[in-house]
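Welcome! Please take a moment to look over the sequence and the 3D picture before reading on.

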Number of protein chains: 2
Amino acid sequence: MSTLPLPPYWAVIFSSQRSNTDDAGYAEMAEKMLTLAEMQPGYLGIDSSRDATGLGITVSYWESLQTIAAWRQHSEHLLAQEMGRNTWYQHYAIKIARVERSYSFSEQDALP
Amino acid sequence: MSTLPLPPYWAVIFSSQRSNTDDAGYAEMAEKMLTLAEMQPGYLGIDSSRDATGLGITVSYWESLQTIAAWRQHSEHLLAQEMGRNTWYQHYAIKIARVERSYSFSEQDALP
C-alpha cells in the first residue's frame with residue numbers, strides 16, 4: 001500500500017465495473033496510466049484492487065485539487081477516459097475527498 | 001455500487017492485505033459487519049473490492065465524523081477489529097476523508 005504524508009491531502013476514489021471487453025487493451029492502458037500518473041506534479045500514491053467480478057476500486061492521492069484537475073485534463077488521460085466510457089467500463093463513480101485523518105496497522109508492529 | 005446523496009459527506013477508506021489465515025471466519029465476520037454497519041445511524045453506503053492477492057479496498061460512506069466515531073466504537077465492531085489485527089490482516093490503513101465532489105458514468109447514459 002502507498003506510503004503517504006500526514007494529512008491533509010486529497011483522494012480520488014474511483015469505483016468501476018469493468019465490461020467483459022478487451023482485457024488486453026485495458027490492462028495495457030491501466031499500466032500506462034499508472035506510470036503516467038506517477039510522473040504528475042502533486043501525485044502522492046495509489047491503491048487499487050479489482051475482484052473476480054470486475055468490480056474495482058482505485059484510490060489515488062494528491063497534494064491539491066489543482067493537481068487533480070491537471071491530471072484529469074492530461075491529454076493522454078483524456079483519451080483513456082474516453083476509451084473507458086466507450087469500451088472498458090459498464091459504469092463508474094468518482095468522488096473527490098479531502099483526507100483529514102489517517103492511521104494504520106502492521107502485524108510487525110504487533111509482535112511482542 | 002452505492003447510490004449516495006450529493007456531497008458533502010464522509011468516506012472511510014480502508015485498504016488492507018489479508019493474511020492467508022481463516023478464510024471462513026473472515027468471510028463470516030465480514031458479512032456480519034456489513035449487515036451491522038447498514039443498521040448504524042449515519043450510514044450511507046459501502047463499496048468493496050478484494051483481488052486474488054488478498055489486497056482489498058473498502059470505502060464506507062457516512063453522514064458525519066460523529067457517526068463514523070460511533071461505528072468505530074461499536075462493541076461488536078471493536079471485537080472484529082481486534083480479530084482483524086490478531087488474525088486476518090497483515091496490515092491495513094484507514095483514511096477518513098470529506099467527500100466534496102462526485103460524478104458518475106453509466107453506459108446506459110451513453111446510448112444514442
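This briefing walks through the sheet, the contact between the chains, the symmetry and some backbone details.

This is a predicted model, in which local features need pLDDT of at least 70, side-chain atom pairs count only at pLDDT 80 or more, and totals for chains, interfaces and linings use all residues. Residues are numbered from 1 along each chain as its sequence is written, while chains are lettered from A and ligands numbered from 1 in the order in which they are written. Helices (H or I, at least four residues) and strands (E, at least two) are DSSP runs, numbered from the N terminus.

**The sheet**

- Start with the overall order: an open sheet of eight strands runs β2(A)-β3(A)-β1(A)-β4(A)-β4(B)-β1(B)-β3(B)-β2(B), with antiparallel pairing. Two strands count as paired if DSSP finds at least two bridges between them.
- β2 of chain A and β2 of chain B stand at the edges with a single partner strand each, so one side of each has no neighbour in the sheet.
- On average, neighbouring strands of this sheet are turned by 25° against each other, direction ignored. Behind such angles are axes, which are lines fitted to C-alpha atoms (for helices over the stretch in contact), and angles run from 0 to 180 degrees between N-to-C directions.
- Here is a general point to keep in mind: side chains in a regular strand alternate between the two faces of the sheet.

**Inside chain B**

- Strand β1 (residues 9–18) of chain B pairs with β4(B) in the antiparallel sense over ten bridges. B:Ser16 has B:Tyr92 as its bridge partner in β4(B).
- β1(B) also pairs with strand β3 (residues 55–62) of chain B, antiparallel and over eight bridges. In this pairing B:Phe14 stands opposite B:Thr58, and B:Gln17 has B:Leu55 as its partner.
- Strand β2 (residues 43–50) of chain B and β3(B) are joined by seven bridges, again in the antiparallel sense.
- β2(B) and β3(B) form a hairpin with four residues between them, and B:Gly54 in the turn has a positive phi of about 90°.
- Is β3(B) enclosed or open? Seven of its eight residues are buried, so β3(B) is largely enclosed by the rest of the structure. A residue is buried if 20 or more other C-beta atoms lie within 10 Å of its own, exposed if 12 or fewer, and partly exposed in between, with C-beta atoms placed from the backbone.
- B:Ile13 lies in strand β1 of chain B and counts as buried, with 22 C-beta neighbours inside 10 Å. Leaving out residues up to four places away in sequence, B:Ile13 touches residues including A:Ile13, A:Val59 and B:Val59.

**Where the chains meet**

- How many residues does each chain bring to the contact? The contact takes 33 residues from chain A and 33 residues from chain B. Two residues are in contact if their C-beta atoms, placed from the backbone, lie within 7 Å.
- The largest share of the side of chain A that touches chain B is 18 residues from β4(A).
- β4(A) is joined by 15 bridges to strand β4 (residues 89–106) of chain B, and the two run antiparallel. Among the partners across this join, A:Phe105 meets B:Tyr92 and A:Ile94 meets B:Tyr103.

**Symmetry**

- Chain A superposes on chain B by a rotation of 180° with 0.0 Å of shift along its axis (RMSD 0.0 Å). That is the relation of a two-fold axis. Copies are superposed by least squares on the C-alpha atoms of residues with pLDDT of at least 70 in both.
- The same surface serves both copies, as 100% of the contact residues of chain A recur in chain B.
- Of the residues of chain A, A:Asp51 comes closest to the rotation axis, at 2.2 Å (C-alpha).

**A helix and some backbone details**

- In helix α1 (residues 23–38) of chain A, one of the 16 residues is buried, so α1(A) lies largely in the open.
- Most residues other than glycine have a negative phi, and most peptide bonds are trans.
- A:Asp22 has a positive phi of about 60° although it is not a glycine, and A:Asp22 is found in the loop between β1 and α1 of chain A.
- A cis peptide bond joins A:Pro7 and A:Pro8, with omega of about 5°.
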